[in-house]
Amino acid sequence: MSVLETAENPETLRRIAIDPVTRVEGHGKVTLLLDADNKIHQVRLHIVEFRGFEIFIEGRPYWEVPVAVQRLCGICPVSHQLAAVKAMDRIAGYDAITPTAEKLRRLMHYGQMVQSHAVHFFHLASPDLLLGFDSEPTRRNIVGVAMDYPEIAKQGVLLRKFGQEVICHTAGKRIHGTGAIPGGVNKGLTVAERDDLRRDIPQMIEWARGAVKMLEKLHLTNPNFYNRFGEFPSNMMGFVNASGEMDLYHGGLRAKDAEGGTIFDHVDYASYGDVLQEEVKSWSYMKFPHIKALGADKGWYKVGPLARVQICDRIPSALAELERQNLIALGGGKPVHGTLLFHWARMIEALHAVEVIGALLDDPDIIGTDLMGDKGERREEAVGVIEAPRGTLFHHYRVGEDDLVKYCNLIVSTTNNNQAMNEAIRTVATQYLTGREVTEGLLNHIEVAIRAYDPCLSCATHAIGQMPLEVELLDAQGELVSRARKNVG
Amino acid sequence: MTDIPNSFNLDGEPIPFEPGQTILQAALNSGHFIPHLCAHPEFKPHGSCKLCIVVVNDRTGASCTMKALPGLEVQSDTPDLNHRRRTLLQMLFVEGNHFCPGCEKSGNCQLQALAYDLEMFNDHFTHFFQPREVDASHPDFFLDRNRCIMCELCVRASRDLDGKTVFGLAGRGRDLHLVVNSASGKLGDSAFAKTDRAARVCPVGAILPKEVGFAKPIGERKYDETPISQLAFTCDWEG
C-alpha cells in the first residue's frame with residue numbers, strides 16, 4: 001500500500017475534504033487527514049462518479065456500440081468510438097480494413113489529439129502556468145489569459161478549432177460523429193475538404209511548436225520548481241508500433257519502470273489481461289489497474305503524454321522528435337517524473353499530431369473511396385485499444401450469437417492513472433500543505449496536480465477555471481474549525 | 001362556407017377532396033402537412049396516436065379518422081393544438097426508452113423528426129425508464145421494444161398485407177407492449193421474414209435490420225436534410 005494512502009489512527013486526525021472536485025463525467029473529491037501539527041497522514045483522490053456504461057452496453061446490438069459508447073465523454077468521444085470500433089471490426093469479422101479507411105480513422109484520431117490537447121493546455125491549464133497558481137482566482141481562467149496574453153489565447157482557440165475541423169470532416173460532426181463503423185468508415189474525404197485542412201497545416205505547426213517553446217521557456221524560469229512539483233517515481237505504460245516508435249492509433253503494449261528499464265514490450269493488447277490486473281479499493285468507485293507481475297503495491301503506472309514520450313524510442317515526425325529530445329534530456333538518461341512536465345509532453349504530442357495530419361493529407365489514399373473491408377467470420381470476443389489524449393484506453397467486448405453484447409470491460413485513461421493521480425496529490429500535499437493554513441491558492445496547488453493528468457477530472461466541460469471546491473478543517477472531535485469555499489452552490 | 005364543391009377550409013386555406021377521403025388524406029394530398037404517426041396511406045386509419053388532432057367546427061378529433069365534408073372549418077396549425085401535440089410527443093418519449101444519440105434510426109425516425117418539427121425542446125415529464133425487452137432471435141431483423149410507440153403499423157402490415165399476424169399488442173396502460181405470435185414469443189420462431197412489409201413500416205427504430213449501423217452518416221439522413229413537414233407520408237426504413 002502506498003505511503004499516505006491509509007492512516008493508522010484516522011479517528012484521531014483532522015479531516016480536510018475537497019468535495020467536489022469536478023470532472024467531465026461527474027465529481028471527485030480529495031480528502032486529507034492531518035495531525036495536530038498539520039503533518040499529513042492520509043491523502044486520497046476519490047472518484048465518486050458512476051457512469052455505468054459497461055452495463056448500459058450489455059444487451060445492445062454490437063454495431064450500435066461505437067456510436068453509443070462515445071457518449072462516455074464530450075472531450076474525447078473519438079477515442080472511445082475508435083477503441084470500440086477496433087474491437088467491433090474483429091467481432092464483425094473484418095480482419096483488415098482498407099488503407100483509406102485506416103488513414104481516415106488515423107486522421108480523425110490525430111485531429112482529436114490536437115483539439116483535446118489544445119483545450120487542455122490553453123483553456124484549462126495555462127491560466128495556472130501563465131497567471132500563477134496563487135493569482136486572483138476570478139481572473140485565473142481563459143478569459144484572464146486572453147486579457148494578458150491575447151495572442152496565446154487566440155492560438156489555443158484556433159488550434160482547437162483546427163482539430164475540430166479535422167474531426168468534422170472525418171466523423172461528420174465535431175462532437176459525437178459517426179465516421180468509424182465496424183469494417184471501415186462511412187464517409188470519405190473530398191478533395192475540397194482535404195485542401196481546406198491542408199491550407200492550415202503550416203500555421204498550425206508554427207503555433208503548436210510555439211506552445212512547446214513556451215513551456216520550455218516557463219520551465220527555464222524555475223527549473224527546480226517545474227521538475228520537482230508533484231514529482232514521484234513510477235512505472236509508465238502505453239503502446240508503440242513494431243519499430244518502437246510512438247503510434248497513437250495502433251501498437252503493442254510497452255511498460256517501463258521508473259528508471260527506464262523494460263518491464264514488458266510489444267504485448268498484443270488483446271491479451272492485456274495477461275499483463276494487467278484491476279484492483280478494487282473500498283474508498284473509491286474507480287478501479288486501480290496495475291502490472292500483474294509486480295503486484296498492486298509496485299505495479300501501478302502512469303499513462304498519457306509524459307509516459308508516452310518516454311516509453312517510445314522516438315517520435316516518427318521530425319519537429320516533435322527534436323522537442324522530445326529536449327524534454328528527456330532533463331533526466332540525464334533517466335526518466336523524468338515531474339507532474340508539471342505532463343504539459344510539456346502534451347504539447348510535443350500536439351505538435352506531432354499536426355505533423356501526422358499534414359503527412360496523412362499528403363497521402364493519395366486519404367481521398368480514396370474504398371471505405372469498407374471484406375467481411376469474414378464473426379467472432380465472439382475482441383479487444384480494441386487506442387492511445388487516447390489522456391492515456392491508454394481499453395475496450396473489451398463479448399457478443400452473443402444473437403449479436404447482442406453480453407460483456408463489456410472498459411479501462412479508461414483516467415482509471416489507468418488512478419494511483420498516479422493519488423500519488424501526485426500526496427506529493428503536492430506533502431510539499432506544500434504540511435504546516436500551513438488552508439488557502440484558496442493552496443487548494444489550487446492540488447487542483448494543478450490533478451489537472452496535469454486529465455481535464456476530465458480537473459475542470460470538467462462546464463466549469464473552466466471555476467472548479468467548485470470546499471475545504472473543511474475539523475478538529476479531532478469532528479467540530480468545524482474553518483472552511484474555505486469557492487464556486488460552491 | 002366555401003363555395004367550391006367538395007372542399008373544406010384548413011387554417012383558412014381551401015382544401016379539395018375526393019369523396020371518402022379523410023381530412024388528413026385530403027390535406028396531405030394538397031400539400032398541407034398535419035403531424036401524424038400512426039397514419040399510413042397503405043393501411044386503414046387507426047386514430048390512436050392523436051398527433052393529427054384538429055378542431056372541426058369547434059369539435060376536436062383525429063383528422064385521420066374524420067371524413068372530409070364540404071364546408072368544414074378545420075384548424076390544425078394553431079398554438080393550442082401544437083402545444084397538445086408536443087405534450088403527446090413528450091409522453092411518448094418518457095414512456096419508452098428513446099436514446100436518439102445511439103439509435104440507428106436517428107435522422108430517419110418520425111418520432112424524432114416530429115419532435116424537432118414541433119419544437120419539443122425537453123421531455124417535461126419524468127421518464128418511466130421501463131425495462132423493455134430486445135429480441136434479437138431472428139437472423140435478419142431485431143425487435144427493440146425500448147423504441148416501440150404502439151402505433152400498430154407493424155401489426156396492420158403483417159395482418160393486412162403479409163397475411164401473417166406476426167405482431168400484436170398485449171397488456172394495458174404502462175404494461176402495454178408489442179408481442180410476437182410464436183410459441184416462444186420470439187421473433188426468430190415466428191413467420192416473420194425480411195421481405196415482409198412489416199419489416200419496413202416501423203416509423204421509429206423498433207424493427208430494424210441486423211448488422212446495419214450508421215452506414216449512412218448522421219446529418220445525411222432523410223429528416224436531417226428535409227423537415228418531416230415537407231415529406232408527409234414517408235416512414236419506410238431507408239438504411
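Two strands pair if DSSP finds at least two bridges between them. Helices (H or I, at least four residues) and strands (E, at least two) are DSSP runs, numbered from the N terminus.

This is a predicted model: local features need pLDDT of at least 70, side-chain atom pairs count only at pLDDT 80 or more, and totals for chains, interfaces and linings use all residues. Residues are numbered from 1 along each chain as its sequence is written, while chains are lettered from A and ligands numbered from 1 in the order in which they are written.

1. Start with the mixed sheet of chain A. It is an open sheet of 4 strands in the order S8-S7-S6-S11, with mixed pairing. Strand S8 (262-267) and strand S11 (301-302) of chain A are the edges, and each pairs on one side only.

2. Next, the pairing of S6 and S7 in chain A. Strand S6 (residues 235-240) of chain A runs antiparallel to S7(A), and 5 bridges join them. A:Met237 is opposite A:Ala255 of S7(A). In a regular strand the side chains alternate between the two faces of the sheet.

3. On to S7 and S8 of chain A. Strand S7 (residues 252-256) of chain A is antiparallel to S8(A), through 3 bridges. A:Leu253 has A:Val267 in S8(A) as its bridge partner. A:Lys256 faces A:Thr262 in S8(A). The hairpin of S7(A) and S8(A) has 5 residues between the strands, and there A:Gly260 takes a positive phi near 100°.

4. Is S7(A) enclosed or open? It is largely enclosed by the rest of the structure, because 4 of its 5 residues are buried. A residue is buried if 20 or more other C-beta atoms lie within 10 Å of its own, exposed if 12 or fewer, and partly exposed in between; C-beta atoms are placed from the backbone.

5. A:Cys76 deserves a look. An unreviewed UniProt entry gives the feature "binding site" at A:Cys76 and A:Cys459. UniProt positions are given in the numbering used here, feature names are shortened, and annotations may be inferred rather than shown by experiment. A:Cys76 sits in the loop between helix H2 (65-69) and helix H3 (77-92) of chain A. A:Cys76 counts as buried because 26 other C-beta atoms lie within 10 Å. Leaving aside neighbours within four places in sequence, A:Cys76 contacts A:Gln112, A:Ser116, A:Ala388 and A:Pro389. Two residues are in contact if their C-beta atoms, placed from the backbone, lie within 7 Å.

6. UniProt's unreviewed entry also has a "binding site" annotation covering A:Glu54, A:Leu410 and A:His462. A:Glu54 belongs to helix H1 (residues 53-56) of chain A. A:Glu54 has 16 C-beta neighbours inside 10 Å, so it is partly exposed.

7. A:Leu410 is part of strand S14 (residues 405-411) of chain A. Why does A:Leu410 count as partly exposed? Because A:Leu410 has 19 C-beta neighbours inside 10 Å. Residues up to four places away in sequence aside, A:Leu410 touches A:Phe53, A:Glu54, A:Phe394 and A:His395.

8. Now the contact between the chains. Chain A gives 17 residues and chain B gives 17 residues. The side of chain A that touches chain B has 6 nonpolar, 5 polar and 6 charged residues. Here Ala, Val, Leu, Ile, Met, Phe, Trp, Tyr, Cys and Pro count as nonpolar, Asp, Glu, Lys and Arg as charged, and the others, Gly among them, as polar.

9. Chain B as a whole has 5 helices and 10 strands. Its C-alpha trace spans about 60 × 40 × 35 Å along the principal axes. Of the 239 residues in chain B, 40% are buried. Among contacts in chain B between residues at least 6 apart in sequence, 65% join residues at least 24 apart.

10. Chain B divides into domain 1 (7-77) and domain 2 (83-212); such bounds come from an automatic or database domain assignment. The C-alpha centres of these two domains of chain B are 25 Å apart. Their contact takes 12 residues from domain 1 of chain B and 17 residues from domain 2 of chain B.

11. Last, a sheet in chain B. It is open, has 3 strands in the order S6-S7-S10, and its pairing is antiparallel. Strand S6 (134-135) and strand S10 (207-209) of chain B are the edge strands. B:Asp135 has B:Leu143 in S7(B) as its bridge partner.
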